[in-house]
Amino acid sequence: MAQPEIASAGSCCLLGIVSDDLLYVANLGDSRAVLGEKGNGRVVAERLTTDHNVGVEEVRKEVEARHPDDAKIVIHARGVWRIKGIIQVIENKNKNKKFSCPA
């Protein structure tokens, strides 16, 4: 089987949909959803999505397990964990996550 080519550029998508007073959030790529709420004269940020990239040890192990024949599938380069030393892939682990939206 031929080795796949590695892209050195990527893109991301962040989607939020409100339906029946619920916010549905999905992310793909290097993106994070954060909800800001103003109260008592300050703004408080709440993270809505979970990062899923090879900077997280559990994710590194998962990627390495998927590629047992490639000892260099995940390496630490330029201070960051990367796939093949080039890209930092993130998967969407926030599918169908719901948040209540007060009317």
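What follows is a chat about a predicted model of a protein.

Visitor: How much of the protein counts as buried?

Guide: Of its 103 residues, 24% are buried. The accessible surface is about 7800 Å², and carbon and sulfur atoms account for 51% of that.

Visitor: What about contacts between residues at least 6 apart in sequence: what share joins residues at least 24 apart?

Guide: That share is 41%.

Visitor: Let's go to helix 1. Which of its residues are buried?

Guide: Helix 1 covers residues 57–66, and its buried residues are V59, R60 and V63. They lie on the same side of the helix, because the arc they cover around the axis is only 105°.

Visitor: Which exposed residues are on the face turned away from the buried side?

Guide: That face of helix 1 carries E58, K61 and A65.

Visitor: Why do residues three or four places apart point the same way in an α-helix?

Guide: An α-helix has 3.6 residues a turn, so residues with that spacing point the same way.

Visitor: What do the buried residues of helix 1 pack against?

Guide: They pack against strand 5, residues 74–77, and strand 6, residues 80–83.

Visitor: How do strand 5 and strand 6 run, parallel or antiparallel?

Guide: Strand 5 and strand 6 run antiparallel, with four bridges joining them. Across the pair, V74 stands opposite I83 in strand 6, and A77 stands opposite V80.

Visitor: What's in the hairpin between those two strands?

Guide: Two residues lie between strand 5 and strand 6, and R78 takes a positive phi near 55° in that hairpin.

Visitor: Back to the inside. Which residues make up the largest nonpolar core?

Guide: The largest nonpolar core has six residues, namely V54, V59, V63, I73, V74 and I83. V59 and V63 are among the buried residues of helix 1, while V74 and I83 are the pair standing opposite each other in strand 5 and strand 6.

Visitor: Which residues is V63 in contact with, leaving aside its neighbours within four places?

Guide: V63 is in contact with V54, I73, V74 and I83. As background, nonpolar side chains in soluble globular proteins tend to be buried together.

Visitor: New topic: how many salt bridges does the count come to?

Guide: The count comes to two. One is formed by E57 with K61, with the closest N and O atoms 3.4 Å apart. The other is formed by E62 with R66, where the closest N and O atoms are 2.8 Å apart.

Visitor: Where do E62 and R66 lie?

Guide: Both are in helix 1, four residues apart, about one turn of the helix. E57 and K61 are also separated by about one helical turn, because they are four residues apart in helix 1.

Visitor: Let's move to the loop between strand 1 and strand 2. What is the phi of D20?

Guide: Phi of D20 is near 50°, a positive value in a residue other than glycine. D20 lies between strand 1, residues 13–19, and strand 2, residues 22–28. D20 is exposed, its relative accessible area being 73%.

Visitor: And what about D21?

Guide: D21 is found in the loop between strand 1 and strand 2, and its phi is positive, near 60°. D21 is partly exposed, at 44% relative accessible area. For context, most residues other than glycine have a negative phi.

Visitor: Last one: where is G36 found?

Guide: G36 is in strand 3, which covers residues 34–39. G36 is exposed, with a relative accessible area of 51%; the cut-off for exposed is over 50%.

Visitor: Which residues does G36 touch, not counting those up to four places away?

Guide: G36 touches V43, V44 and A45. From G36 to R47, eleven residues apart in sequence, the C-alpha to C-alpha distance is 8.8 Å.

Key. Residues are numbered from 1 along each chain as its sequence is written. This is a predicted model: local features need pLDDT of at least 70, side-chain atom pairs count only at pLDDT 80 or more; totals for chains, interfaces and linings use all residues. Side-chain values use heavy atoms; hydrogens and water are left out. Buried means under 20% relative accessible area, exposed over 50%, partly exposed in between (1.4 Å probe, protein chains only). The arc is that of the directions from the helix axis to the C-beta atoms. Contact means heavy atoms within 4.5 Å. Accessible areas come from the Shrake-Rupley method with a 1.4 Å probe; for residues, only the protein chains shown count as cover. Two strands pair if DSSP finds at least two bridges between them. A nonpolar core is a set of buried Ala, Val, Leu, Ile, Met, Phe, Trp, Tyr and Cys residues joined through side-chain atoms within 4.5 Å. A salt bridge is a side-chain nitrogen of Lys or Arg within 4 Å of a carboxyl oxygen of Asp or Glu.
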